[in-house]
Amino acid sequence: MLRRDKRGGLGLKNYIGAIDQGTTSTRFMVFDQAGRVRAVAQKEHEQIYPKPGWVEHDPLEILRRTEEVISDALSQRGLRAADLAAVGITNQRETTVVWERQTGKPIANAIVWQDTRVADDVKRFAAAGGQDRFRPETGLPLSTYFSGLKLRWLLENIPGAREKAAAGELLFGNVDTFLLWHLTGGARGGVHATDVTNASRTQLLNIKTLDWDEKLLEAFEVPRAMLPQVRSSSEVYGEAALAAVRGVPVAGILGDQQAALVGQACFRPGEVKNTYGTGCFLLMNTGARLVPSKFGLLTTLAYKFGNAPAHYALEGSVAIAGALVQWLRDNLAIIAKSSDVETLARTVDDNGGVYFVPAFSGLFAPYWKETARGVIAGLTRFANKGHIARAVLEASAFQTREVIEAMEKDAQIPLTSLRVDGGMVANELLMQFQADILSREVVRPMTQETTALGAAYAAGLAVKFFSGLEELRANWAVDRRWKPSLGEAEREQLYRQWKKAVTCSFDWVES
């Protein structure tokens, strides 16, 4: 029987740990039963750009960072493995890793979700049946985004990979699977598994049967032997072998955006969250109802808790959000640190007619245009770096509105308010503009890093640290609300100009 202590004492198993492995950094967070953060450690990892459009990570660096932040976070409060009831994992989705079964060594760097190297493969596959040829089985259009074509590229382009895969010598997984395998023993008995949410982002899973689809495996030329077992999002997969958490059950896995949905307690159909991170990701819970999209959204798994039925979601993915602020910082050196963007944007009263469409690797929802590229439109001699900074922030809000409009059409459910989380929600100028351009209330919860919290919830449910969804709903509390204050005429004029700017980004890359 687990001892729970809502006062946050250091009693036995009063905490849940969560690995939050993101696109730019890895964190380990420790939560108490009320969902409050008790310890956190975070470390960045290198972003590797071998060629234009290519984005890679070193999986072994990510593994090292994971081990380091677990130790660092626990040491902050003098915690031991015995204090943790379980550990959950949440991760950057679609980022593709292939490694050797015997050694655990990756055969190449991980291909990151933003990477566009398979654009020609997308065209070839689409030519044989259209961009939506696999949508009935997967809920996804053909795109550079998902793991299947990335995996195929590795098998085709790394010498000997296809032969080794056919012989059962290679394993595949998104980052969750790579971490789980290593954390539970690696080559000495590591668990090779994933959950339904991550599996649904490979474009190899049948989202109705919740199993790998033989027709898809044949089309993508992927040997089934290298694929992980598909499990629920909340169950005990195995025990950690890493010294700092040895013996602790690893009991929850959710892709990062689904984890944020769970962390925001969006358990009812029609509830929507938006995470403002490297990209911008909106998910609407559609319950047990699988809703095919007609307006450019993805149909994906929201979560599956143990033996309960799976819940589905509609998702709109924006490729570049916080990454645009980083670009302003790192590539143009207009700001010294990311948080400076709000101060700079406040030096001007409005965007000065400047619009920034950050289609660095094409446009995701609702357009799905691989050949789009970034544009800054509306420049005049009047424009200055303050207007550029404001346009950078407004881009996330405009793209969010586009996705929400598509979501409402598909689900036939009007949005009443938007729950927000992620690193950018500390930017109050952005949050007010989001409410203005949506003409809807925007709500920020007390715990804003809901991705890690969602993974902790999934793990805690599996070991009965949490009693059920009602307890998790009760944990959710509001930090701040923003109400729209922009007049309709001005709002719609800004949106029309944004739409015009978006069309300027189309078809920049010629076939």
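Q: Start with the hairpin of strand 2 and strand 3. Which residue takes a positive phi there?
A: Gly35, with phi near 80°. That hairpin has five residues between the strands. Strands here are DSSP runs (E, at least two residues) and helices are runs of H or I (at least four), numbered from the N terminus.

Q: What should I know about the model itself?
A: It is predicted, so local features need pLDDT of at least 70 and side-chain atom pairs need 80 or more, while totals for chains, interfaces and linings use all residues. Residues are numbered from 1 along each chain as its sequence is written, and side-chain values use heavy atoms, without hydrogens or water.

Q: In what sense do strand 2 and strand 3 pair?
A: Antiparallel, over seven bridges. Thr26 has Lys43 in strand 3 as its bridge partner. Two strands count as paired if DSSP finds at least two bridges between them.

Q: And strand 1 with strand 2, over how many bridges?
A: Six, also in the antiparallel sense. Strand 1 covers residues 15-21. Gly17 is bridged to Val30 in strand 2. A hairpin of three residues joins strand 1 to strand 2.

Q: Why is strand 2 called largely enclosed?
A: Because seven of its seven residues are buried. Buried means under 20% relative accessible area with a 1.4 Å probe, protein chains only.

Q: Which residues sit on each side of strand 2?
A: Ser25, Arg27, Met29 and Phe31 are on one side, and Thr26, Phe28 and Val30 are on the other. Both faces are covered. In a regular strand, side chains alternate between the two faces of the sheet.

Q: What lines the largest pocket?
A: 41 residues, and Thr24, Tyr276, Gly277, Thr278 and Gly423 lie nearest its centre. Lining residues have an atom within 4 Å of a point. Helix 10 gives the most, five residues. Strand 2 and strand 3 are among the elements that each supply at least two.

Q: How much space lies in the second largest pocket?
A: About 580 Å³. Its lining has 22 residues.

Notes
On a 1 Å grid over the protein atoms alone, a cavity is a set of points where a 1.4 Å probe fits but cannot get out, and a pocket is an open set with protein on both sides within 12 Å along at least five of seven lines; lining residues have an atom within 4 Å of a point. Grid points are joined across faces, edges and corners, and a volume is the space filled by probe spheres set on the points. Buried means under 20% relative accessible area, exposed over 50%, partly exposed in between (1.4 Å probe, protein chains only).
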